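Take a moment with the chain below. A guided walk through its parts follows.

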Amino acid sequence: MIRGAWVGFVSSRWFAASRKSGGSASSVLAASGIAIGVAALIVVLGVMNGFQLGFIDSILEIASFHVRVESGEPGAYDPALLARMRADPEVRSVLPFAEERCLMGSSDGRVQAILLRAVPRDTARQDPSLMPALGLDGPLFPDSGGLVLGVELARSLNVRPGQVVDIVAVSSSRAEGVQARTVSLPVARTFRSGYYEYDSGLAFIAQDEASPFFPVTDSTTYIYGIKLKNRYADAAFADRLRKVYGLPPASIESWRHYNRAFFGALRTEKSMMMLLIGLIFLVVGVNIFHAMRRAVAERIEDIAVLQALGARSDSIRRSFMLDALAIGAGGALVGLVVGLLIAVNVNEVFAAVEAVVNALGTLLSHLVGGGGEGDFRVFSPHYFYLMEVPVRVLFPETLFMVTAAIASAVVSARAASAPLVRLDPAEVLRYE
């Protein structure tokens, strides 16, 4: 037999013998642990990524853009600079806007603090990706004008499209000092971005209607919201704005810096999940370690014979590592398939769980004479701002989990077979 080829042959014979003798229960248990761990992590990380990336997309499309540049002139923006940035081959769109913190009140006395944003009337043409992010189609503003509010803001104020709201804004200038302005405007339509902060506190107004809130004063500055073709090239583009466009560094802010607090929280959350992954595979590795230790003890005579025939301890250890590789790969493959199936159909799974729980609740209620019906929801709309559970399975993370599962099995098998190095075949065979 070719040198080294016997390792795989012996490994396969040992594996087949363990199946016939019923000794494969520990291997099946170890593979099942890997499968359950991989499947659970794929589903958990898929849902986590769905929430995180969904929020990030909403933030970048609606609020922070990829790069924000403050105009140098208060109360106006530079048309030449705007045209130059729009012509840049790396830029997807540029939207000039102004923002002010205001108070909005309804006719029944309800008041809400809002962020009022003045944008061009043809925003849908200048920034096409904004409309899908707001859940709208067509132009942002109707021909009749008016405000565009988030659905939660409209609900909290108890207003509907067509009704009038009052907006109070405060500004300051060197000439006139602090001024408060109150303007009544109709609500044109509402939007739903899926991000509660925007749906409950953001309102849009056309720039040609915004002069009472955004006069040419020392405190009002227009902002260029720039969206790039590659949002991860924000640092390079910001550097280009400084060097090529000659803009001051203080006026440029990328989306990473603008949302650093939010992204820092997401990074901490992902780090804790990676720690959880490590703990899960540590437990799986311990399980495989004990399974391999048992396999080594059961085959101690076979190992002694192989060593007496000239087999090296490292070669015998590789046969156990091949067994562990088969266990790890089999468990990881099953976990991968099951995890992907659950992740892709997670909303259907939750619906099935809700149906079963509600059916049991209704049956129990009828048995005790209550006559009620179950109303269980995994993600109740009373507590979660969700239409459905978002899922995004990322290939790098999935590959890492599968690789980590297989590696934990192989490393555990190598550690379990360490006593082979100290095995004396003469001592073992003396009593056989």
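Leaving aside its neighbours within four places in sequence, which residues is E397 in contact with? They are L45, N49 and K270, where contact means heavy atoms within 4.5 Å. E397 lies in helix α14, which spans residues 395-416. E397 counts as buried because its relative accessibility is 17%. The cut-offs are these: buried means under 20% relative accessible area, exposed over 50%, and partly exposed in between, with a 1.4 Å probe and protein chains only.

A word on the model itself. It is predicted, so local features need pLDDT of at least 70 and side-chain atom pairs count only at pLDDT 80 or more, while totals for chains, interfaces and linings use all residues. Residues are numbered from 1 along each chain as its sequence is written, and side-chain values use heavy atoms, with hydrogens and water left out.

Now the whole protein. It has 15 helices and nine strands. Helices (H or I, at least four residues) and strands (E, at least two) are DSSP runs, numbered from the N terminus. Of the 432 residues, 44% are buried. Take the contacts with a separation of 6 or more: residues 24 or more positions apart account for 78% of them. The protein exposes about 22,300 Å², and carbon and sulfur atoms supply 61% of that area. Accessible areas come from the Shrake-Rupley method with a 1.4 Å probe; for residues, only the protein chains shown count as cover.

Start with helix α3, residues 79-86. Its buried residues are L81, L82 and M85. They cover an arc of only 100 degrees around the axis, so they sit on the same side of α3. That arc is taken from the directions from the helix axis to the C-beta atoms. An α-helix has 3.6 residues a turn, so residues three or four places apart point the same way. On the other side of α3, P79 and A80 are exposed. What covers the buried residues? The cover includes β2 (91-105), β8 (221-228) and α8 (234-243).

Between β8 and α8 runs a loop, and R231 lies in it. R231 is buried, with a relative accessible area of 19%. Beyond its neighbours within four places in sequence, R231 is in contact with I56, D57, L60, H66, W255 and R256. The side chains of R231 and Y232 are joined by a polar contact of 3.2 Å. A polar contact is a pair of N or O atoms within 3.5 Å; within protein, one must be able to donate a hydrogen and the other to accept it, and residues adjacent in sequence count only if both atoms are side-chain atoms.

One of the partners of R231 carries a charge pairing. D57 forms a salt bridge with R231, the closest N and O atoms being 2.9 Å apart. D57 lies in helix α2 (residues 25-64) and R231 in the loop between β8 and α8, so the pair ties together parts that are 174 residues apart in sequence. D57 is partly exposed, at 22% relative accessible area. A salt bridge here is a side-chain nitrogen of Lys or Arg within 4 Å of a carboxyl oxygen of Asp or Glu. By this rule the count comes to 17 salt bridges.

Two others involve α8. The side chains of E90 and R240 meet in a salt bridge of 3.1 Å, N to O. This pair links distant parts of the chain: E90 is in the loop between α3 and β2, R240 is in helix α8, and they are 150 residues apart. E90 is partly exposed at 34% relative accessibility, and R240 is partly exposed at 24%. D239 forms a salt bridge with K243, with the closest N and O atoms 3.2 Å apart. Both lie in helix α8, four residues apart, about one turn of the helix. D239 is partly exposed, at 26%, whereas K243 is exposed, at 64%. Elsewhere, salt bridges that share partners join E61, R92, D127 and K227 into one network.

A154 counts as buried, at 7% relative accessibility. Leaving aside its neighbours within four places in sequence, A154 is in contact with V159 and T190.

Finish on the surface. V334, V338, I342, V349, V353 and V357 form a nonpolar patch there, with about 390 Å² of accessible area together. Helices α12 (313-344) and α13 (346-367) each supply at least two of its residues. Patches are made of residues with over 30% relative accessible area and no salt bridge: like charges are joined within 9 Å, nonpolar side chains (Val, Leu, Ile, Met, Phe, Trp, Tyr) within 5 Å. V338 is found in α12 and is partly exposed, with a relative accessible area of 36%.
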